[in-house]
Amino acid sequence: MALILLRRPYGWEPMDLLIQIIFGLLAALIIGAAMMVVTVRNVIHAALWLIASFFAVAALYLTLEAEFIAIVQVLVYVGAISILILFAIMLTRSSEGERLLTKHWWAAALISLGLFGAVLLPTLIGHTWNIPLPTGPVDAPETLSGVEDIGRGFVNEFVIHFEVAGILLTVALIGAIVIAFEERSRRRRVLTLSEEHILRQRQQATAERVSAVADAAD
Amino acid sequence: MQDVVNQVINTSFGWGWPSWAIALIGYLIVAALLFGIAPFQMLFLTLYERRAIARMQDRIGPNRVGPEGMFQPLADGVKIFTKEDIVPTAADQWVHFIAPCVVVAPTMFMFAVLPWGPGMVPVDMNLGLLFFFAISSVSAVGLMMAGWASSNKFALVGAMRAVAQMVSYEIPAVLSLLAIVLVTGSLSIVELINYQGGLFISTRDVASVPDWGLGWFIFSPVGFLAFIAFFIAALAEGERTPFDIPEADSEIVAGYMTEYSGMKFGLFYLAQYVLNFLLCAITSIIFFGGWQGPGVGWLYAQAITPVNPQGGWVFNVLAGVLGVFYFLTKTYGFFFVMVWIRGAYARLRIDQLMDFGWKFLIPLTLVNIFSAAIWVGLTKWGAADGLAFVEGWSPLVRWAAAFGVTLALNLGAYLFLARIFAQSQDERARQDDDVLEQLTNVA
Amino acid sequence: MTTETQHGSVIVMDRRRGKLRAGQGLLQGLRVVWDHWAGSFRKNDNFSKIHGTFTVEYPEERLPMPQAYRNMPVLLFDDESGHELCTGCYQCQRICPPQVIHITQAKDPVTGKMVPAATEFIIEYDACMSCGFCAEVCPFDSIKMDHVYELSTANRASLTMRKAQLNRSISYYTGIAPGLWAEVQAGAMKKLQGSIKRRPDVIGLAASLTEKIKARRLELAAAAAAAPAAAAVSAPAAPAAPAAKLTPEEKAAKLAAMKAANANKGAAPAPAEAPVALSPADAKAAKLAAIKAANANKGAAPAPAEAPVALSPADAKAAKLAAIKAANAAKQAEAAPVSVETAVATAPLDAKAARLAAIKAANAAKLAAEQGNNE
Amino acid sequence: MTRAIPLEAVLVVAAALFCIGLFGALSRRNLVGVLMGIELMLNSVNINLVAFWRYLEPRFITGPTFAIFIITVAAAEAAVGLAMIIAIYRTWNTVNIDNVDSLKG
């Protein structure tokens, strides 16, 4: 709804102010949530802050009138990747009370800050912030390439990229399954304790028999 | 809505407010209406379900509070409001607190793109369908938060199950809709409904068909198979029996809701029923034409619309009432089917659920997308698109050919996959039996 | 789909696994549920059918209880005679597992002997477990299990049931369990007749049946009157006694009774029971009766005659007089360990009746005295 | 929209997000934390792509198309990365980078 509200080209100052306020809030949310992601001790909390950051980025896309990207962001990042991350955290709970950051975290901080400062600070300071108004009638909406154009692009100019992305996804799917695969005999069903015991006995017996055969062969 | 607000404020009162204020007021009114209606009708959905399932079990159901139990949901609501809110000491307080909100909020967002009648849609987004499903996947995060923050093993297991199920069944749901989107060529829900005018055959496929508002997708083989797959996936998304393993009471107490009480529990309950309502609504919109039905199209053509400014406002009202009536009838009908299925089937095991989703529904929907491509080719393409041989055929013949080919393809795929799936399940059961037998023999 | 083959008593269902099963089973399941749904809109009164609603909407509709349904024990009495079937044999009190039955055996007021009846019979319903042992064991078929199940109350004390609350007529019981009563009717009624013969006065009459008790009293009075009148004139018809009222007269009567009791205390440690006061029409008759009783006592040997019938006189003086006289009589009599219950006097309206009563009282006192001597 | 928000503001947000992500990826000990940092960086790249598309050439689809490709890559990367993390956890019973150093020699 907010999308349509913002999209309406009213050519009215308060509307711009509203958009600026919304943008400021979104930017604060994105940066704040991202900061929490890297600094918070609890990994689950970090993942939840990451989700908040993803969601705010989706909202930012909406203010940039990229509806399709925004929805895909929600669908893929919030709906799938964050769930994957949460699952991974829960399957690999590390013990509590460990150090959060690596030994050389200050180097990482220095690199990040240096990058931000060296590349962007001069820009921020030296830049004049009044951008020229777009030419043409204010009330007429700009023609934006929509989802149909993107679809057409996928099967025309970007067809190779599209297929490579498809292959990448397939490879990732198969690769992920292969990497995380567990032996079928263990995964099939949860064995009772007695069954586990019996199974271990049998495995041991088989191993002994094999070694005996090997000894005989020698 | 904005037209009405503009009419009232600027024309009737003559205040001359700016258009952005009018827009804001219009949106606020619509939002308030939806936020009011959603929990209220959710309350009555619970009554509806309880009465219907009672009938299926040869009982009567709650009929004591008010006439025919009409006020039972209100009594339940009052009860849930007055209950103590218990937060476990071991719980993660903040996450525990936010989780119900994260579950409820997306379901409320989904109302934003839901058309209730002709011209009665809060936001006619041209990506409505995608928006609907993207937002619905957000509530999985809330479930995960609830399960984790409760620091209760039942809650965590329930949340894991719920999320795994939602993520897995989103794929067949979206793939089955993809077939429909291929046919309509649009992601807009309004456009999807407009496509379904006609009589058994859509007017967009064969223009000569009379528009009785009955050209629903369910009447085409592509739509029918998509409907079956989508409805099954919707059952799984809404955590309805037989896919209610996230809250399997006999195994894991109440799943992710175990550690919730009072109004927070009520919010989960609300989210669940609102989601069920929305899934029924979207099923009726996509496959059964939403508000399409005999008479609505004609009435709306006489009404005041941007296309037809010379209409009569009476027709607006009539078309709206009839359209909403058709829409709600279909929606509540699907809710009845959900209850019916709940009355009939036992709960699946988690591995059966995953097998069914990944090994049966997804291949089936993939075949269906192929069928949809054939349908589009035979009904819409011509020599310019590389299908010269259909050029001379009349639209009806093209439609009949498409119907026959897709029917054969879908039916064959369904029977083949069903057979393969049954065999694999039998094989699996036999393997399980063998393992067990071996173990017992050794013992 | 499904085939059944019978091997002896075992039915084997072959569901044909492994064949083509493209969802027909699911549809069949839906069909079954649909049939139940569609059938549920009519009432199912025949339990051999599987469709239809069985529900009985309880507060408005109730199922007839089976005869043998048992909830809480009650006491039966005979409709015609008004006599209770209970003889106070203590069988139920002994067998009761939670021990909630308490019985007081009735005694003859004149002789002090056991009478086959219970003066008080208490069952604590709040602790009763509805086992029905009391009804099983009752040799006179007096205790039966009732079918009333709506006993909920906010006041737990109200669930201690006294005899008056437990009494149910036989006709009530035949209403709820005709078959069960028919089985035991002959024996029970025979035993009841035997009990009635051994019950003097109104003992054993259901307390709630005031009309019955009145009628019985009149009957007794008539019988008593008929005895002396047999030689002389025929007894005049006894008019109905007026109901006891809380009048100044009664106060006076109470006073008199108290005085009499005090006198008795001074005389003998024999337990004195409060005399039953019924209001006569005039005090003279009462006086007469008192005198006669006193005389009889005087004449009798050491039997301590208790205060005879203290009747409520019209004026207090007469009552006082009667009481004093009675006290004197009692004083004269020597202390004896025999307790005699007061004779209950009926209330005659006229002097003749009063005289008759006095005679009767005198007889009773005499009898008591003789018994005291014998002992 | 483009009148209200200058392009540079969006770019600054994206740059800050990138730097934060970089810090996270370099400094977190937990493997999942590293992965989260990488996701943040990919997000910031996406913001840049969309912003440049919107402000500079809204009539061409290159920006959103590449954003979608990056989202695809991110999804694939997340899936494979998390599968690797689970495999590592199964082998070493830890997800800390410091402890996973078998190839150090």
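The model is predicted; local features need pLDDT of at least 70, side-chain atom pairs count only at pLDDT 80 or more, and totals for chains, interfaces and linings use all residues. Residues are numbered from 1 along each chain as its sequence is written, and chains are lettered from A in the order in which they are written.

Chain D and chain A meet in a contact (C-beta atoms, placed from the backbone, within 7 Å) that takes 67 residues from chain D and 75 residues from chain A. On the chain D side, α1 (7-27), α2 (31-56) and α3 (62-92) each supply at least two residues; helices here are DSSP runs of H or I with at least four residues, numbered from the N terminus. The most comes from α3(D), with 21 residues. By class, this side of chain D has 47 nonpolar, 12 polar and eight charged residues, where Ala, Val, Leu, Ile, Met, Phe, Trp, Tyr, Cys and Pro count as nonpolar, Asp, Glu, Lys and Arg as charged, and the others, Gly among them, as polar.

The contact between chain C and chain B takes 16 residues from chain C and 15 residues from chain B. The chain C side divides into six nonpolar, eight polar and two charged residues.

Chain A itself is divided into domain 1 (1-93), domain 2 (147-181) and domain 3 (188-218), with bounds from an automatic or database domain assignment. The C-alpha centres of domain 2 and domain 3 of chain A lie 45 Å apart.

Within chain B, the mean pLDDT (the predictor's confidence in each residue, from 0 to 100) is 84, and 95% of the residues score at least 70. Confidence is lowest in helix α1 (residues 2-12) of chain B, at a mean of 67, and highest in helix α9 (residues 221-237) of chain B, at 90. Where pLDDT is low, the predicted coordinates should not be read in detail.

The axes of α9(B) and helix α14 (residues 350-380) of chain B come within 9 Å and cross at roughly 150 degrees; axes are lines fitted to C-alpha atoms over the stretch in contact, and angles run from 0 to 180 degrees between N-to-C directions. The two helices are therefore roughly antiparallel, a term for angles over 145 degrees. Residues of this contact include Leu225(B) of α9(B) and Trp375(B) of α14(B). Its residues divide into 12 nonpolar, four polar and no charged.

Helix α11 (residues 262-288) and helix α13 (residues 313-344) of chain B pack at about 120 degrees, with their axes 8 Å apart.

Methods. Two residues are in contact if their C-beta atoms, placed from the backbone, lie within 7 Å. Angles under 35 degrees count as roughly parallel, over 145 as roughly antiparallel, 65 to 115 as roughly perpendicular and the rest as oblique.
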